[in-house]
Amino acid sequence: MNVSVVGSGYVGTTVAACLADLGHEVTAIDIDTEIVETINSGETPIHEPGLAELVETHAGERLHATTDHAALRETDVTFLALQTPSREDGSIDLGALEAGTRDVGEALAEKEDYHLVVVKSTVIPGTVEERLEPLLEEVSGQEAGEQFGVAVNPEFQSQGSAVADFMGPDKLVFGAEGERALDRLDELYAPLVADNGGIPIVETGRREAMMVKYANNVFLAGKISLINELGNLCKEFGVDSYDVAEAIGLDERIGAKFLRSGVGWGGSCFPKDTDALRAAGREAGYEPELLDSVVAVNDGQPRRMLDLLERHTNVEGRRIAVLGLAFKPGTDDIRGSRATLVIDDLLDRGASVAAYDPVASDAMAEKFPDVEYVESAQAALADAHGALVVTDWDEFATLDGEFDDMEQQIVVDGRRIVDSRDGMTYEGLTW
Ligand SMILES: NC(=O)c1ccc[n+]([C@@H]2O[C@H](COP(=O)([O-])OP(=O)(O)OC[C@H]3O[C@@H](n4cnc5c(N)ncnc54)[C@H](O)[C@@H]3O)[C@@H](O)[C@H]2O)c1
Ligand SMILES: O=c1ccn([C@@H]2O[C@H](COP(=O)(O)OP(=O)(O)O[C@H]3O[C@H](CO)[C@@H](O)[C@H](O)[C@H]3O)[C@@H](O)[C@H]2O)c(=O)[nH]1
């Protein structure tokens, strides 16, 4: 099948390269010429395990990139994989998505045969029917359900395992009106289904499909906040929350995954999607009290790390090491990272911060230029009066003699990654 993907960022590039690998002819369309040139030269604009190999294999063959939206006329299906960032009040900014939808509508105006537009971006239920579809009709002069269809197919990939997640999903969710759209989605995903016999396909309405995406993310964020609240209680009672999590995870109704308590969740999705759902709920007249608490618990965890540290030392005027800046290991992405709140609070309390991350220092330096960024955990720990561990990079698990250089060996671990040792005052955040 001929497929176009509008927006070649984290999601779009993965989707485009994976669909090419499944045997489709794929055109990636982006307004950023650098992204387009990078893909056409056989390289990936974003870093994900396995993605470079896929782009290198298929670029110039089954995968092409362009800035020209007219290219989508040569395809049967167009994915919209454009950014939907948060506004100040938590609601999502549809500016880029609507501009991209307009571009698609203009291209469709000159297309004769039926075309399917598939929304991959995460948007509040109702957005597709009330804003994107009417916009496509207005700009293309065509009628939805007749000359073109609009379906919803949310994406569940995680950063750091995007290719593996796309190629081996837990489920496929197709939100569509009418058989023609569903048939096309079935045909598109047939090679993936054939490779992974038995993937559940959820065929549902478009609003439901979008709500599945929000519910999935918010449920996981809520699960982490719940284990964090339980972890905070465990800490008060002198109980190891990781032992408790292991035991409750054996109950299949609870499940073992996403029960790692600590400094909390970040990233480009959980914070944005939780905020968007709360804002949309409020606008609809519903007070999402539980979701407000899910966020409040998450935002309280970084402060708890500092409070724990200050039980042992005064941070004012002292050097404090921050180990880990990325929102999770395996990425240089600091969006929503708990390290931002940790550093903010440390600076507020008058500490001088020495930060180390294997890959995310440059990104954090743009936000906090006055922090000292060093090249190793050892350099961050040298002469420090305390260390806060914010990201669970594997290398932190092997730290040992490096702690000898600290002025005071006080470590608050927000990710259960550092091993305590003789002479160290070790505080686990939730154990
Ligand atoms: N990042 C993830 O892991 C993830 C996972 C699942 C769902 N999502 C959702 O997918 C959507 C995309 O997220 P992302 O992280 O890939 O965003 P991104 O910012 O990485 O990528 C968006 C791309 O769209 C391009 N673009 C903007 N306007 C355009 C236009 N008019 N025409 C063509 N290209 C245009 C940008 O240049 C950019 O390359 C969001 O709604 C997000 O919530 C993201
Ligand atoms: O037990 C856990 C698991 C995760 N986290 C934290 O939760 C955040 C998010 O982690 P993860 O879900 O692995 O990363 P994302 O790449 O943000 O992926 C989420 O967001 C994507 C974008 O919507 C979805 O597609 C994915 O399904 C969803 O897992 C990170 O800060 C983790 O450190 C914990 O604190 N404890």
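How much space lies in the second largest pocket?

Mentor: About 460 Å³. Before we go on, this is a predicted model, with local features needing pLDDT of at least 70 and side-chain atom pairs counted only at pLDDT 80 or more, while totals for chains, interfaces and linings use all residues. Residues are numbered from 1 along each chain as its sequence is written, chains are lettered from A and ligands numbered from 1 in the order written, and side-chain values use heavy atoms, with hydrogens and water left out.

A pocket here is an open set of points on a 1 Å grid over the protein atoms alone, where a 1.4 Å probe fits, with protein on both sides within 12 Å along at least five of seven lines; lining residues have an atom within 4 Å of a point. The points are joined across faces, edges and corners, and the volume is the space filled by probe spheres set on them.

The largest share is that of α10, with six residues. By class, the lining has 10 nonpolar, four polar and five charged residues; Ala, Val, Leu, Ile, Met, Phe, Trp, Tyr, Cys and Pro count as nonpolar, Asp, Glu, Lys and Arg as charged, and the others, Gly among them, as polar. Domain 1 (2-204) and domain 2 (209-431) give at least three residues each to this lining, with the bounds taken from an automatic or database domain assignment.

Helix α8 turns up again at ligand 2, where its three residues are the most that any element gives to the shell. That shell holds 19 residues, with Gln157, Gln159, Asn217, Cys269 and Phe327 the closest; a residue belongs if one of its heavy atoms lies within 4 Å. For polar contacts, look for N or O pairs within 3.5 Å. Oxygen atoms of ligand 2 have a polar side-chain atom of Lys213 at 2.8 Å, one of Asn217 at 2.8 Å and one of Arg415 at 3.1 Å. The protein buries 89% of the 700 Å² that ligand 2 exposes when taken alone, with areas from the Shrake-Rupley method and a 1.4 Å probe. Its shell splits into eight nonpolar, six polar and five charged residues. Both domain 1 and domain 2 contribute to this shell, so ligand 2 lies between them.

Ligand 1 also lies between domain 1 and domain 2, because both give residues to its shell. Around ligand 1 there are 26 residues, and the closest are Val11, Asp30, His69, Thr84 and Lys272. Helices α1 (10-21) and α4 (95-108) each supply at least two residues of the shell. The classes here come out as nine nonpolar, 12 polar and five charged. Backbone polar atoms meet oxygen atoms of ligand 1 at 2.8 Å for Val11 and at 2.9 Å for Thr122, whereas a nitrogen atom of ligand 1 is 3.0 Å from a side-chain N or O atom of Asp103. On its own, ligand 1 has 840 Å² of accessible area, and the protein covers 90% of that.

Conventions. Helices (H or I, at least four residues) and strands (E, at least two) are DSSP runs, numbered from the N terminus. A polar contact is a pair of N or O atoms within 3.5 Å; within protein, one must be able to donate a hydrogen and the other to accept it, and residues adjacent in sequence count only if both atoms are side-chain atoms.
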